Protein chains: 2
Amino acid sequence: MANKSCIIRLSRYRNALMRLKALNFVKVFSENLADAARVTAAQVRKDFSLFGISGNRRGGYLVEELLEQINRVLGKDKLQKFIVVGVGNIGRALLNYPGFKKNEIELVAGFDIDASKHNREAEVPIFLLEELNDFVKDNGIKFGIISVPDFAAQQILELMIQTGIRGILNFAPICLKEPEDCVIRNLNFETELENIIYFTNVTEKTEVR
Amino acid sequence: MANKSCIIRLSRYRNALMRLKALNFVKVFSENLADAARVTAAQVRKDFSLFGISGNRRGGYLVEELLEQINRVLGKDKLQKFIVVGVGNIGRALLNYPGFKKNEIELVAGFDIDASKHNREAEVPIFLLEELNDFVKDNGIKFGIISVPDFAAQQILELMIQTGIRGILNFAPICLKEPEDCVIRNLNFETELENIIYFTNVTEKTEVR
DNA sequence: CTATTTATGTGAAAAATATCACAAAAGACT
DNA sequence: AGTCTTTTGTGATATTTTTCACATAAATAG
Ligand SMILES: NC(=O)c1ccc[n+]([C@@H]2O[C@H](COP(=O)([O-])OP(=O)(O)OC[C@H]3O[C@@H](n4cnc5c(N)ncnc54)[C@H](O)[C@@H]3O)[C@@H](O)[C@H]2O)c1
Ligand SMILES: NC(=O)c1ccc[n+]([C@@H]2O[C@H](COP(=O)([O-])OP(=O)(O)OC[C@H]3O[C@@H](n4cnc5c(N)ncnc54)[C@H](O)[C@@H]3O)[C@@H](O)[C@H]2O)c1
């Protein structure tokens, strides 16, 4: 089975292809995609090979066709709906972001315990947490985003699982455990910053060669 | 040299240790840290071994001491200052987040081309983009965050490099290339969501075993 | 129509990363 | 003081991931 980094790369190829398409490009070479995704050309071709995606020898790949094939792999052939729990700074930023819609991702509703965030008339409605269960079940939602404070994250995870959510992006700085039948990706900005700090310092020291 | 995932894990161990410390725990075992970071105990010990971090056979590790050692590795023994370019939804969320301060990370200023975002009296001041160069040089800032729209990202990267910034977290959905002497981490929410969509669908299909 | 060029597709090789498994150290118990 | 128990620390081993390198197919040119 494909691994996580492989799928990240597919997303990046896709991103590049969308831009090329917008510029009316017809063909693209593994070399080009490699540049866009910051990997080697061999990696690009190997990734495609894994999913049986093929181009034309000598002619490279047709942008339109390749995009379609990647879309199929990534489940972008249909709109994917997410709900957001925790409508604070991050939650709001996500709900306001217009870029998702262009990519077959839709954040359909927000949920919060704070009644002052409640607004069922908004373009993307914000409901009370108690309404989560019914909403998810009625609308067959499979995906959720956790953007509540750390101490509430585990509890929200359990609630989401109960309602039937199967894939979660977690912004709380707690490493949530993947239950049996659910995929979780923990994103921690602080960890990202610490990574940058470490590698910046290391390369500075290493440079004295 | 340590790799990226290894440093991510160190951050996670650190996060867990901070919580244990707050609860007045004195000792911790590799098994405990493994649980917190969702890895194996052998991995934890191997990671420590790589940095010459050692505990007491039989006695595990002393929380306080271990924390200090990890802090040293991660550069958390002194405050690390970041600037943020692009004070929109994401930029604002970051600048408002109080959690960074507790972890020796400080976002010291924001910069934006939009004059209406400008506010040099705010707790964290927001300056005009033109002021970036002097500010970074005068204050010896090494780290930056890019949270401008995708079309502006490359240009901001180049500007940051010129001013002397050496480590960057990029939120724009463009895979920026690492220049020679600079570390860049590209974070793309859409890619993260696509990852979740893919693996949720795959595990659903795989489950029919 | 044949030769040449060029980019793909993919096994084989190499490199990177994670796991195993167990000797060694140190506290606990008698 | 000696034995037992438990957990670390780390070479050896296994697995995963990436890169290499080249045969193969298609397009172009002569
Ligand atoms: N803002 C940042 O830049 C940033 C940086 C790093 C990490 N994070 C993490 O991301 C998460 C969200 O951050 P934020 O800045 O948006 O926080 P925030 O405090 O602005 O918003 C949190 C929201 O969650 C709601 N909430 C609290 N408990 C809830 C519950 N049980 N159920 C439903 N809603 C609940 C609150 O009412 C609030 O609206 C936090 O875990 C934070 O640690 C944020
Ligand atoms: N908000 C989200 O949830 C989300 C999700 C995915 C990706 N992103 C990406 O993160 C980045 C920031 O998103 P956002 O929602 O905060 O956008 P935003 O539009 O709210 O804010 C962008 C800010 O950048 C400023 N800006 C524009 N050009 C600039 C320049 N050349 N120099 C300095 N400032 C400049 C604008 O004035 C604005 O204040 C974007 O690249 C976006 O694609 C955001």
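**Figure 1. The open sheet of chain B in the predicted model.** In this predicted model, chain B contains an open sheet of six strands, arranged in the order 5-4-3-6-7-8. The pairing within this sheet is parallel. Strand 5 (126-128) and strand 8 (183-186) of chain B form the edges, each pairing on one side only. On average, and with direction ignored, neighbouring strands of the sheet are turned by 25° against each other.

**Figure 2. Pairing of strands 4 and 5 in chain B.** Strand 4 of chain B spans residues 105-112 and pairs with strand 5 of chain B in the parallel sense. Three bridges join the two strands. In one bridge, Phe111(B) has Phe127(B), in strand 5 of chain B, as its partner. In general, the strands of a sheet pair through backbone hydrogen bonds.

Figure 3. A disulfide is a covalent bond between the sulfur atoms of two cysteines. Cys182(A) is buried, with 3% relative accessibility. For Cys6(B), the closest cysteine sulfur is likewise in Cys175(A), at 15 Å, which is also too far for a bond. Cys6(B) has 2% relative accessibility and therefore counts as buried.

**Figure 4. Relation between chains A and B.** Chain A is superposed on chain B by a rotation of 180° with 0.0 Å of shift along the axis, at an RMSD of 0.0 Å. This is the relation of a two-fold axis. Of the interface residues of chain A, 99% are also interface residues in chain B, so the copies meet through the same surface.

**Figure 5. Domains of chain A.** Chain A is divided into domain 1, residues 4-73, and domain 2, residues 80-191. The centres of these two domains of chain A, taken over C-alpha atoms, are separated by 31 Å.

**Figure 6. Two arginines with positive phi.** Most residues other than glycine have a negative phi. Arg38(A), however, has a positive phi near 60°. Arg38(A) is found in the loop between helix 2 (30-37) and helix 3 (41-50) of chain A, and is partly exposed at 39% relative accessibility. Arg58(B) also has a positive phi, of about 75°. The loop that holds Arg58(B) runs between helix 3 (41-50) and strand 2 (61-62) of chain B. At 85% relative accessibility, Arg58(B) counts as exposed.

Methods. Residues are numbered from 1 along each chain as its sequence is written. Chains are lettered from A and ligands numbered from 1 in the order in which they are written. This is a predicted model: local features need pLDDT of at least 70, side-chain atom pairs count only at pLDDT 80 or more; totals for chains, interfaces and linings use all residues. Side-chain values use heavy atoms; hydrogens and water are left out. Two strands pair if DSSP finds at least two bridges between them. Helices (H or I, at least four residues) and strands (E, at least two) are DSSP runs, numbered from the N terminus. Axes are lines fitted to C-alpha atoms, for helices over the stretch in contact, and angles run from 0 to 180 degrees between N-to-C directions. Buried means under 20% relative accessible area, exposed over 50%, partly exposed in between (1.4 Å probe, protein chains only). A disulfide is a pair of cysteine sulfur atoms within 2.5 Å. Copies are superposed by least squares on the C-alpha atoms of residues with pLDDT of at least 70 in both. Contact means heavy atoms within 4.5 Å. Domain bounds come from an automatic or database domain assignment.
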